[in-house]
Amino acid sequence: MSSSSLRPRRYDLIVFDWDGTLFDSTALIVRAIQAACRDLGAPVPSDEAAAHVIGLGLQDALQHAVPDLPVDLYPELGRRYRQHYFASHDQVTLFAGVPALLTGLRARNHWLAVATGKSRHGLNEALRISGLAGSFDATRTADETRSKPHPQMLQELMREFGVDPERTLMIGDTTHDLQLAANAGTDAVAVAYGAHPPEQLGDLRPLTIAHSVLELQDWLARHG
């Protein structure tokens, strides 16, 4: 085996968003936000408005999705959201092709990480359900650091592995992910099968917009 095949071609560290990028959970999150609002008699956001906040930390997401709720009700709204989400999250699956994608990247000796708006408990449960608990070298959640698009998640991951921004790639399905990358000075790739539509993703100029996991895998094989 040649030495070049043992090294990543362009990026040492590849960081994935979770919901809507690896885990097909967009619809469940939207329904859980809407159900929590109904529980409290709050205005129910549209599917589009609820999907737009995916990727943010829960508190930020709920404040954006339901901006007119009295401040003292947000903790209860969050509790109701988690209740609805965890009641059904074991029915959610990885997008087709994700295990093969990650296996291929690990074989090329990339470091793999997750940067997500989920809580630590939520991510750990999702990793357990999906069978990916041992697939990542590091993870960051919104309750451990700053919510996207603040660059702290990526900055911490880059420091952990001693990787420069130009050797780091962020992959996500929302403008929050792409803005996170821009704020941290890293490249970004968007996927168009998650929460935000391609036209919004394109405004932030990712290197490419993949419309399937297979398309993402092909791009990474050639450019990653």
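Which residue in strand 4 does Leu13 stand opposite? Leu13 stands opposite Thr168. The legends below describe close-up views of a predicted model.

**Figure 1. The protein chain as a whole.** The predicted model has 10 helices and 6 strands in the protein chain. The radius of gyration is 17 Å, close to the 17 Å that the globule rule gives for 224 residues, so the chain is as compact as a globular protein of that length. The C-alpha trace spans about 65 × 30 × 30 Å along its principal axes. Of the 224 residues, 53% are buried. Among contacts with a separation of 6 or more, 66% come from residues 24 or more positions apart. The accessible surface is about 10000 Å², and carbon and sulfur atoms account for 49% of it.

**Figure 2. Strand 1 and its two partners.** Strand 1 pairs with strand 2 in the parallel sense over 4 bridges. Strand 1 also pairs with strand 4, again in the parallel sense and over 4 bridges. On the strand 2 side, Phe16 stands opposite Val114; on the strand 4 side, Leu13 stands opposite Thr168. Leu13 and Val15 point one way from strand 1, while Ile14 and Phe16 point the other way. Are these four residues buried or exposed? All are buried.

Figure 3. Strand 2 (residues 111-116) pairs with strand 3 in the parallel sense, over 4 bridges. Within this pair, Val114 has Thr139 of strand 3 as its bridge partner.

Figure 4. Why is helix 8 described as largely enclosed by the rest of the structure? The reason is that 7 of its 10 residues are buried. The buried residues are Thr175, His176, Asp177, Leu178, Leu180, Ala181 and Ala184. They pack against helix 2 (47-52), helix 7, strand 4, strand 5 and helix 9 (198-202).

**Figure 5. The two ends of helix 8.** At the start of helix 8, a side-chain oxygen of Thr174 comes to within 3.2 Å of the backbone nitrogen of His176. Just after helix 8, Gly185 has a positive phi of about 80 degrees.

**Figure 6. Ser25 in its loop.** Ser25 is found in the loop between strand 1 and helix 1 (26-40). Its relative accessibility is 0%, so Ser25 counts as buried. Which residues does Ser25 touch, not counting residues up to four places away in sequence? Ser25 touches Asp19, Gly20, Tyr85 and Val92.

Conventions. Residues numbered from 1 in each chain as written. Predicted model: local features only at pLDDT ≥ 70, side-chain atom pairs only at ≥ 80, totals over all residues. Heavy atoms only, no water. Pairing = 2+ DSSP bridges. Buried < 20%, exposed > 50% of the residue type's maximum accessible area, 1.4 Å probe, protein only. Contact = heavy atoms within 4.5 Å. Polar contact = N/O pair within 3.5 Å; in protein donor to acceptor, adjacent residues only side chain to side chain. Rg over C-alpha atoms; globule rule 2.2 N^0.38 Å. Areas by Shrake-Rupley, 256 points an atom, 1.4 Å probe, with all protein chains shown as cover.
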